[in-house]
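Work through the two exercises below with the sequence and the 3D structure in view. Each task is followed by its solution in steps.

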Amino acid sequence: MNSNVIDLFNYHRRPTSVVHIGALSMGGDNPIRIQSMTTTSTDDTEASVAQAERIIKAGGELVRLTTQGSREAENLKNINAALRADGFSTPLVADVHFNPHVADVAALYAEKVRINPGNYVDPARKFIKQEYTDEEYAQELKKIEERFVPFLNICRQHHTAIRIGVNHGSLSDRIRNRYGDTPEGIVESCMEFLRICKRERFNDVVISVKASNTVVMVVSVRLLVARMEREDMHYPLHLGVTEAGEGEDGRIKSSVGIGALLADGIGDTVRVSLSEEPEAEIPVARHLVDYIGRKAGHQLVPAMACEAFDWLHPTRRPTRAVANVGGNHVPVVITSREGWRADYIYMGSKKPQHPDDGKRYIVDFNVYADMAEQGMAPANFYPIFPVTAMPLVGAVQAPLKFLVLQFGTPSEEYLACLKAHPEVVVVCVSNHQNRLGCQRALVHEMMSAGVENPVVFAQMYQLGDKEEFQLRAAADMGALMVDGLCDGLWLMNEGDIAPADIEQTSFAILQAARLRVSKTEYISCPGCGRTLYDLRTTIARIKEATKDMPGLKIGIMGCIVNGPGEMADADYGYVGAGVNRVSLYRRQVCVEKNIPQEVAVEHLLALIDNDRRSENEGNG
């Protein structure tokens with residue numbers, strides 16, 4: 001049964017209530033707001049003010065500060081006053097974990113307070129198993145209400161907004177035991193608090209549900225939107241991928257997750273979490289918001305959703321494999337010029353002079369036919385047909401063929417062709433203002449007709465800046481990949497971006513969506529005032545030492561707040577435990593505690609090396 005709560009094919013912002021955060025309004029018809037978070041100690045007024053002003057000057061519209069204790073909460077008064085004295089009216093957001101009393105104090109001095117349902121009243125996670133009776137569970141909810149309502153009253157009195165911010169990595173043991181470590185558990189953790197807000201008629205509420213896993217993050221937000229719709233709630237949403245990392249991978253990962261939601265009209269404020277200086281996050285978020293915003297007012301895409309498609313619980317579209325495309329194969333990568341890792345290389349209308357035997361080429365169908373007529377054995381060549389040449393698909397014999405299609409092609413013509421030729425892989429293109437809606441529409445039309453030909457998405461750009469190319473391509477592919485529609489990716493660009501960079505971007509996008517692993521993955525937090533060791537230098541050292549370990553996942557966390565939970569599917573974790581002290585994890589199990597930072601990276605590498613040696617000996 002179709003359970004979509006948004007228009008899959010036509011871009012509209014999700015209608016929300018308006019929240020007032022100091023002088024700033026969010027939600028409703030207001031622009032999508034951009035924000036970041038300081039990495040300074042909130043006890044250090046001068047450093048916090050200086051960093052906040054850099055964020056603001058870069059375009060940040062809210063500034064969040066970690067607030068570990070009452071002393072930091074009290075110092076928000078001084079930070080706020082200094083910013084106002086410098087002429088800045090940008091709202092401050094206090095980030096509170098573990099101590100609800102700190103939230104009470106922060107509400108006096110910050111324009112917004114973020115609380116985490118996973119540790120607001122529930123104790124810190126110990127990953128223990130405990131069954132709750134319905135009566136016991138109801139008592140736990142009552143404890144939340146008894147502590148949360150007084151906080152709401154303080155916020156109401158001081159005109160302070162709140163953010164209910166759920167992180168996948170810090171779900172309470174109570175939630176995990178009843179709902180599992182699942183998107184449904186993430187949503188319920190949020191809804192417990194939202195129902196109290198609604199009952200108390202407290203309306204200045206922003207919500208977020210985040211994860212470092214982009215698929216978990218996107219699906220959780222979709223489920224939350226649907227649940228709120230059912231319960232007549234319309235709160236604005238804060239979007240972000242936690243622990244996205246840094247550099248190109250952090251940007252691509254953030255663009256996949258955030259872009260997938262923005263493209264469906266979901267999101268009222270954005271924070272891109274990079275393990276870099278906080279002001280570096282702002283232009284990335286700004287570009288994503290502006291790029292997706294260009295969809296507004298597009299020409300209608302007159303499509304119907306396939307009844308079998310479930311936007312809230314997406315699974316991979318069933319397809320019949322053609323060679324290594326579709327079926328249970330990982331999505332393929334196609335490049336338009338020579339590459340060394342791509343599954344297929346498109347050569348256009350020219351025959352390659354010295355093809356490598358190990359590579360497979362896609363050539364114009366006329367070139368392919370000419371090669372066949374000349375008696376050449378095109379074992380590693382495959383024809384591609386434009387839609388105008390569709391009648392010739394059956395005349396050219398090949399075990400694998402590509403057909404370029406876009407939504408709007410008369411369905412009776414192309415569907416008949418696909419049904420008659422299961423050896424055809426569709427190359428889905430679009431030059432529509434809302435290319436996501438248009439590309440979705442073609443695949444939904446195919447699904448409704450019951451055809452199982454694989455689909456490769458071709459995205460075309462005219463860009464000269466590599467970062468801009470990466471952000472756009474990742475955002476354009478995000479929803480298509482989460483929806484389960486992607487059997488391959490073909491990025492094309494007319495500009496000065498090196499073919500190797502385009503190919504690398506393709507693999508990085510697929511890895512960011514958990515569809516294909518091609519290199520080491522790092523789950524690293526952006527750091528904040530809770531980080532008590534040199535995070536960025538450490539990340540660089542670990543990446544350099546482990547870069548040639550494809551398939552390995554390493555979590556690098558500044559502190560324990562999200563550490564073990566956000567590293568749930570990481571092989572190893574490096575987590576701040578105190579001032580210049582680190583604990584090491586294998587999966588979620590701590591194996592070394594409080595190691596001096598100076599030797600912690602070496603200990604991590606020794607742990608990985610020992611495990612690999614033991615594994616090899618066991619296999620031997």
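A crossing of two helices is called right-handed if the near helix is turned clockwise from the far one by less than a right angle, and left-handed if anticlockwise. The model used here is predicted.

**Exercise 1. Describe how helices H6 and H7 pack: give the angle class, the handedness and the residues in contact.**

Step 1. Two packed helices are described by the angle and the distance between their axes. The axes of H6, residues 183-199, and H7, residues 214-230, come within 9 Å and cross at roughly 40 degrees.

Step 2. Angles under 35 degrees count as roughly parallel, and roughly perpendicular begins at 65. H6 is therefore oblique to H7.

Step 3. The handedness of the H6 and H7 crossing is right-handed.

Step 4. H6 contributes Pro183, Glu184, Ile186, Val187, Glu188, Cys190, Met191, Leu194 and Arg195 to the contact, while H7 contributes Val216, Val219, Ser220, Leu223, Leu224, Arg227 and Met228. By class, these residues are 11 nonpolar, 1 polar and 4 charged.

**Exercise 2. How many disulfides does the whole structure hold, and is cysteine 486 buried or exposed?**

Step 1. A disulfide is a covalent bond between the sulfur atoms of two cysteines. A search of the whole structure gives 0 disulfides.

Step 2. Cysteine 438 is in no disulfide, and its nearest cysteine sulfur, in cysteine 428, lies 7.4 Å away. Cysteine 438 is buried, at a relative accessible area of 6%.

Step 3. For cysteine 486, the closest cysteine sulfur is also in cysteine 428, at 10 Å, which is too far for a bond. The cut-off is 2.5 Å.

Step 4. Buried means under 20% relative accessible area. Cysteine 486 has 4% relative accessibility, so cysteine 486 is buried.

Note on methods:
Residues are numbered from 1 along each chain as its sequence is written. This is a predicted model: local features need pLDDT of at least 70, side-chain atom pairs count only at pLDDT 80 or more; totals for chains, interfaces and linings use all residues. Side-chain values use heavy atoms; hydrogens and water are left out. Buried means under 20% relative accessible area, exposed over 50%, partly exposed in between (1.4 Å probe, protein chains only). Axes are lines fitted to C-alpha atoms, for helices over the stretch in contact, and angles run from 0 to 180 degrees between N-to-C directions. Helices (H or I, at least four residues) and strands (E, at least two) are DSSP runs, numbered from the N terminus. Angles under 35 degrees count as roughly parallel, over 145 as roughly antiparallel, 65 to 115 as roughly perpendicular and the rest as oblique. Contact means heavy atoms within 4.5 Å. Ala, Val, Leu, Ile, Met, Phe, Trp, Tyr, Cys and Pro count as nonpolar, Asp, Glu, Lys and Arg as charged, and the others, Gly among them, as polar.
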